[in-house]
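Good morning, colleagues. Please take a look at the sequence and the structure on the screen while I take you through a few selected places.

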Amino acid sequence: MALLELKSVSRHFGGVRAVDGLDLVIEPGQIFGLIGPNGSGKSTTVNLITGLFPLTSGSIVFQNEDLEKLPTHLRLQTGIARTFQNIRLFGQLTAWQNLWVAQNSPADWAKRGFFSRWLGGQSGVREEISQLLEFSGLAHRQDELAANLAFGEQRRLELARALATRPKLILLDEPAAGMNTEEIGQLRERILKIRAQGTTVLLVEHVMELVMGVTDRIAVLNFGQKIAEGTPVEVQADAAVRKAYLGGGE
Amino acid sequence: MDFYFGLAQIIGVHTLLGLSAYIVLLTGQVSMAQAGFFAVGAYAAGMLTVLAGWAILPALAASSLLGAAVACAVGFPALRVKGLMLVIATLAFGEAVRLFFFNFDYQVARGGVKLGPLGGEGFRQIRYFPENGWTTMQVMLFIWIFVVLVMAILWWLDRSRYGAVLRAVGEDELAAQSVGINLTAVKVSAMTIGGAIAGLGGGIYAHYTTHIEHASFGILLATFALAYPILGGLGSVFGTVVAAIFVQGFLVEGLRFLGDWRNLLFGALIVLAMNLRPKGFLDAPTLRWIRRVFGGKRGAA
Amino acid sequence: MLDFIQSLSDGVLFGATYALIGIGFTLVFGVMHKLNLSYAAASVGGAYCGLLVLKVFAGAPPLAVFFCAFLAGGLLGYIVYLACFHFIPISNPLATLMATVGMLLLVDEVIVHQTDGMPLNYPALFDDVMLRAGEFTLRGDLLMVFVVSILCMAGLLALLYRTRLGLATRAVSQQAVAAQLCGIRVGQVNAMTFVITGLLGGIAGAMIGASVGTLSPLLTTPLTIKGLIVTVIGGLGSIPGAIVAGLLVGGFESVLQQYRGVTERDLYVMLLLFVFLVFRPGGLFAPKEGRD
């Protein structure tokens, strides 16, 4: 049974068809890659799944539930978390607090009552957050303001913040942008660990060495439409994909 | 001495007004409606003690609740719009409240004297404190008990997860939504708490001045409400108090010898202060410096 | 019925001044994404400065007064820019907003201080002319106000759409960074926007003085609010929106004044604003939603 299913999803901005009749099926436990040239509709797809824009047509089903009527914050509570292409942290909060405010999952609700969830101090959740900071290699930076972190640290913190919401599906929007080879290697390890913990991953990425090395299945977008889908090997061999990436007159 | 007690009363009430704007500002919303909630609280508490014969504490509780209810009701439609549109919407709401009281007559005869709000004439004879023989000092202490209480509550809220969530919403609404924060609930709750504080402040104000009228609750008061937390800085509740003392104690009272020119200076000083310290008196580096110098606890606020 | 048409037409003619004020707010918002709350006060201030001409040359024609108000408005616009926008970092929108409020209070107090708070008479043109059609009349001075305002709007639109400066202004309002990369000096364009809106404001203030017959410092607050309401109803950043909304608000308040009296009138204008906020928060001419 599919975890997330997009059924002929379209989003038009005026005359621009940013996403046009897109079908996607993501199975639980997959690391699913979404690639395509700039402006092919990848980020828009992520924004549609998290509900930042309404759909022009089509439907999105997550765990057999139609997401259409759900506002963004409720979609998160069903288990969809994300990171942003252009990092969006709470800059004037500390790294620690960034993870703290993200604890909005139903699991957190079950664990803590209303008052301790909202009005409780930092002590009750110290351990959970320490683990996440440890996982992201930020434990030593926990009291630093997010705005003062280095670029790579901010990317890691954003990923940790998404994990703090205890997602079933995590959407990573170009997490490797601006990273060096070593950092990409660490990111790859982290993505694999996230999957090992049972979280499904949708990876939107430009950096081919990451996408090809880590994903189980890839869909390729161009001009808002899916032009190919398959395993990394199949996609690399696809003629239409080569044409979209390398150009070629039509 | 009574002069200083009176001044402390004014500063106390204005601190409450500033704190009511402070919590709303944390969520990044600039509300010019605080003077409106303040007016609602003032008229409500005044009518309860004068016309209904209530004691001061229940009347203040009621005015605070009413302020909260009105703020909550305004919050839902007004917070549909963002940023500068909200400034305009709340400005208009504040003016609408003022105009409402300008047109509001509700007089009842008590012992041969007609009491109650009378439109443009205002609402005179809110004499609960003098009738019960309170001295200026007692009234001042009464006011500051509330100020300290509200500050303690806000200081504590600021250190809770709720406080962090408020600031997160103020930083980046889109990111906040994306980590599962319900923006409407957070903003409306902050507005409601702000309304409760403003309603309380208004209720107290009505009783120490004994005479309220619509003109006192105009844009100038709404500006004061915003000016305190912005001048003081949003890093801590103490900034608001410092700013209220500075504005009411120094600018308004301290410069009285300048006569007419004082009012001119007030606007100019706001402009100057914002140019020199755009993040307020107690901005983050200053707060860190204070903590270092006084060796206080390491705080995350 | 005649009363209704009469007050509606008077209101719509007077509403042209609201439209000018609304344009000023909306233009600054469009270019800088900031709100200049001192704008209406500075406009009234400009109109007051126009009266200085009468002090120097007693018996100067009204047109000279208007022209002086026009220039003074532009100058005040530049001063507001320097005091509230130029030196405050962009990352501090609250500080800018607060500074403009400070400016509003300052201008207000300067006026009160200089005039002892008393209203001053303001000259008008054609105030003895009445166009009649049966019972229905058109006041000459209101007609003059309307025509002058419309001419100013036409001038502004020509400036925005026919000159290089206008092109630069529109470029900055759409993509400030990109405009900067194209060699446009954003700071200069911002300053020019303030001067232009200031000039418009000076005229608007003068026209209000001319149609009411007096100027008083009590004008600044209601004018600020009306201008803002016009901006919202028209759609933030939309000039045609501000024009239509200005005329609409003018007509609306005039009709309500006819039926509900002057003290209640403004309450209904606020109500109109709330109706718009709830049902059409983007205003009449909401800008199209973008991709990002």
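C:Thr263 is partly exposed, because 13 other C-beta atoms lie within 10 Å of its own; a residue counts as buried with 20 or more such atoms, as exposed with 12 or fewer, and as partly exposed in between, the C-beta atoms being placed from the backbone. C:Thr263 lies in helix 11 of chain C, residues 262-279. Helices here are DSSP runs of H or I with at least four residues, strands are runs of E with at least two, and both are numbered from the N terminus. Leaving aside neighbours within four places in sequence, C:Thr263 is in contact with B:Phe102 and B:Asn103, contact meaning that the C-beta atoms, placed from the backbone, lie within 7 Å.

A word on the source: this is a predicted model, in which local features need pLDDT of at least 70 and side-chain atom pairs count only at pLDDT 80 or more, while totals for chains, interfaces and linings use all residues. Residues are numbered from 1 along each chain as its sequence is written, and chains are lettered from A and ligands numbered from 1 in the order in which they are written.

Let me turn to the interface. In total, 37 residues of chain C are in contact with 36 residues of chain B. On the chain C side, the elements giving two or more residues are helix 3 (62-86), helix 4, helix 9 (220-234) and helix 11. Which of them gives the most? Helix 4 does, with 13 residues. By class, this side of chain C has 29 nonpolar, five polar and three charged residues; Ala, Val, Leu, Ile, Met, Phe, Trp, Tyr, Cys and Pro count as nonpolar, Asp, Glu, Lys and Arg as charged, and the others, Gly among them, as polar.

Helix 4 of chain C (residues 93-115) also meets helix 12 of chain B (residues 261-276): their axes come within 7 Å and cross at roughly 160 degrees. The two helices are therefore roughly antiparallel, a term for angles over 145 degrees.

Finally, chain A. A:Arg166 has a phi near 50 degrees, a positive value in a residue other than glycine. A:Arg166 sits in the loop between helix 7 (151-164) and strand 7 (169-173), and is buried, with 20 other C-beta atoms within 10 Å.

Methods. Axes fitted to C-alpha atoms, helices over the stretch in contact; angles between N-to-C directions. Parallel < 35°, antiparallel > 145°, perpendicular 65-115°, else oblique. Contact = placed C-beta atoms within 7 Å.
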